[in-house]
Structure formats: structure tokens, C-alpha cells
Amino acid sequence: MKHQYSVIVVGGGIIGLSIALTIQANGTDVLLIDKNEIGSGASLGNAGHIATEQVFPIADPSVLKSIPKMLLDPLGPLRLDWRYLLPLTPWMLKLLANMRHKPFTHIHHTLMRLNSAAFDSWQTFIQKWQLNDLVKIQGSLLVAEKKETLEKLHLHGEYLQNIGVHNSVLNQSALLNREPALATNQLGGLFFPKTGHVVDLSELHTKLTRSFVELGGNTLTHCEVTAISSTSNKEATVTTTQGKFTAQKVVIAAGAFSKSLVKMVSRINVPLETERGYHLMLPQEQGRLSIPVSSMDRRFIMTPMAGGLRLAGTIEYAGLKRPANMQRARHFLPLATPMLKEPLNDAQSTQWMGFRPSTSDSLPVIDNKGPYIFAFGHQHLGVTQAAITAEIVNCFIHEQPMTIDCPPFSIKRFV
């Protein structure tokens, strides 16, 4: 393996992999480095939902009064490991500050623009890399099972429709006709046509990696980055457990693990936290649903995949080091079962926990400073925003016009 490249991408999740492939396809040689396997971590265990309809910050003022109840509910969508409260507090205070009307509105509008562009980028990405068998743009559902929730759902849909997030209201009959497996306690829903889902995340990463290598890209796995440095704006050195490598540009795209890498190259203390997410995979439940179904009442998602039905969601604040609390994954079964006509088969089920990278303002960092490019912090929307992030970074590398206004994603907003 050579030790000098035009671009080095640190982080082989869906963001880093999409970036590396897009750059390599434009004729620039790339080295992709990951401390584990390409496409592992949160990129492998997420819900697989291309959630372009999710245009609100992760912290919504409307749920503040519900937080104590969520924390006390063993089946609730939110858990805080109290031993992690002290290190979490600075980030949490910034998160609360972003609930104020002005920053909340700015974040909301920025996410709308980014996700709108993300949908178009995914359409192009699917066609370019022949992913029609792995990525289905067939829509998704948000459902309600309480009358008061249904009223909120209708208002939510009306608001989204007015701002350009297309959806249609389904009464109970139309909902059950679309997804016959749902129980009659589901009173109605919203159908979002410009959303989709990945049916096999592992195969998606394999196919993208294969295309990357066939184009001349190089990968380095089980390789830890120990230092990143530069002596000019035109070159940087990446020191790893497998040697030193130099490049004209280094892209930091390591998800929740990006904070320590940023500290190597900048004095900016990025308010990046990990929201630990869980899933329960049910391999005996292939074909139960046709598209992703999220519950407004229960706050989780069911995604049909080639390997079964994936139940995913929840937020847990416990940092990067504490062991997984797999009871959180097992809780999905009693959450999901009442939503369906027939009991779920959990034979040979598997559990997973991974780290979502969330900034305190719910917006990713996508920026270009000297020999460094930053592309991390996509919170729950890593899959959703992967293709558009790759487009933006490719424009940085090849000095092409931007497809979207980038100042809201600048790392300098945290100075």
C-alpha cells in the first residue's frame, strides 16, 4: 500500500463510505480508514429509514413536560444513565438553549432544506450505483392509536404539507388496507411518499465498497488513527497503528468518534454527544410490513428488511464507554406486539446497540478548513443525509459550485 494520497477519509460508516466513493468516482485517489470494518457501527445497526420527513431538531420544546414520564417509563423512548449526568450537562445545556424560538426555527428550516436536497441526492445515488434492489423509495408511515394523538398527527401533517414536506392523511380503513398486519387499535396515519428504506444495510456497504475498490480506491480496516497533523494548508499527515499516510485533504467522518479527531486538528470544542440507539432484529418476521412504520405514541420504528423485521429507536445517554443495556432492545417486543394483529415471532432474534453522533444544535458539521474537511454529527439522519453530504464534500474537493448553502454547517459556529 502506498503512503501518499490525494484524499484520506477517516471513518468508514455510510457517511465516510459515500464520500470516499463519490470522490474516487470523480477521478481523485482516496484512502478510506476505519478502526473496525467498513460499514460497521451505527451504519450497520440503524433503522435503515431514509427519513427526509424528519425536519425538526432532536430537542423539541413540546416534549419538555413529557421528559420526566419518559425517564420513569421502563418502556419509554428516553433513558439517562445518571452516572453520566455530569459529563453530559454542558452539552445538554446547549441543547436546551437551542429550544428557544429563534435557534429552533433556524435549525428547523435548515433541516428542511438539507433533507429536501437529500432526497434528490439519494435518487441520483441509487441510479448511479445500481442500488434499486437494496434501497426502496416506497414511502413510510407515521401512525397513531389514541384519539388525542390522531388529532396532533393531523395538525402535524397539515403543517408539513404547507412547508413542502409532502404527506397524505390515511383514515383507519386506508391505513389497514395499506398495511394489513397492523391491529385495529391503530386509528390512522400519515403516509410520506418521499421517504424510503434500506432493505439490507450490510449488502449496501459491501456493494458500495466493491465499487470503490473497483474504481481504484484503497481501504484500511482495523486501523486506529493516533494523530493528525499538518505543516501547511496543502497537506496533512495521518498517523495510524498501521503506519503514516499523507494527503492533500483529510476528511474526518467518524461519526460519534469524531470529537477526539477534531481535537487533533483544531482548538474548537465541538458539542458532540452520542445518543445510544438500540434495535431488535426478528429474522422470522420477513414480509410482515411492506414499508417502515413509526408510532407517534410509542416513539419507535419498525422497518421491513431482507433479514427480517427491525424494531429500532430509543435514546440513551450513557457515553461511549459504558456497556450496552440490552434490556432496552428487548423492550421493543412488548412495544410492537400490541400494534399488530398477530403476535411477533422472536425466535433467533438479535440485539444491537450503537452510537448516534448528535451536535447540540441537531445539524451536522460539513465544512472545509485548510487541509481538513469535516463531515460528522448527522444524529438520527446519517443514512438520510449520506448522499447529499458526499455531494457537498466532493464539491469541496473539486472546487465545484455547491448544491446547497453550507454556512449553517460550519464548524466555526461552535467558536
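Skip the neighbours within four places in sequence, and Asp81 is in contact (heavy atoms within 4.5 Å) with Tyr317, Ala318 and Arg322. Keep in mind that this is a predicted model: local features need pLDDT of at least 70, side-chain atom pairs count only at pLDDT 80 or more, and totals for chains, interfaces and linings use all residues. Residues are numbered from 1 along each chain as its sequence is written, and side-chain values use heavy atoms, with hydrogens and water left out.

**Asp81**
- You'll find Asp81 in the loop between β4 (78-80) and α4 (85-97); helices (H or I, at least four residues) and strands (E, at least two) are DSSP runs, numbered from the N terminus.
- Asp81 counts as buried because its relative accessibility is 5%; buried means under 20% relative accessible area, exposed over 50%, and partly exposed in between (1.4 Å probe, protein chains only).
- A polar atom of the Asp81 side chain sits 3.0 Å from the backbone nitrogen of Arg83.

**Positive phi angles**
- Here's the background: most residues other than glycine have a negative phi.
- His222 isn't a glycine, yet its phi is positive, at about 50°.
- Ser362 isn't a glycine either, and its phi is a positive value near 65°.

**Where those two sit**
- His222 is in the loop between β10 (218-220) and β11 (225-232), and it counts as partly exposed because its relative accessibility is 48%.
- Ser362 belongs to the loop between β18 (350-359) and β19 (365-369), and it counts as buried because its relative accessibility is 1%.

Conventions
A polar contact is a pair of N or O atoms within 3.5 Å; within protein, one must be able to donate a hydrogen and the other to accept it, and residues adjacent in sequence count only if both atoms are side-chain atoms.
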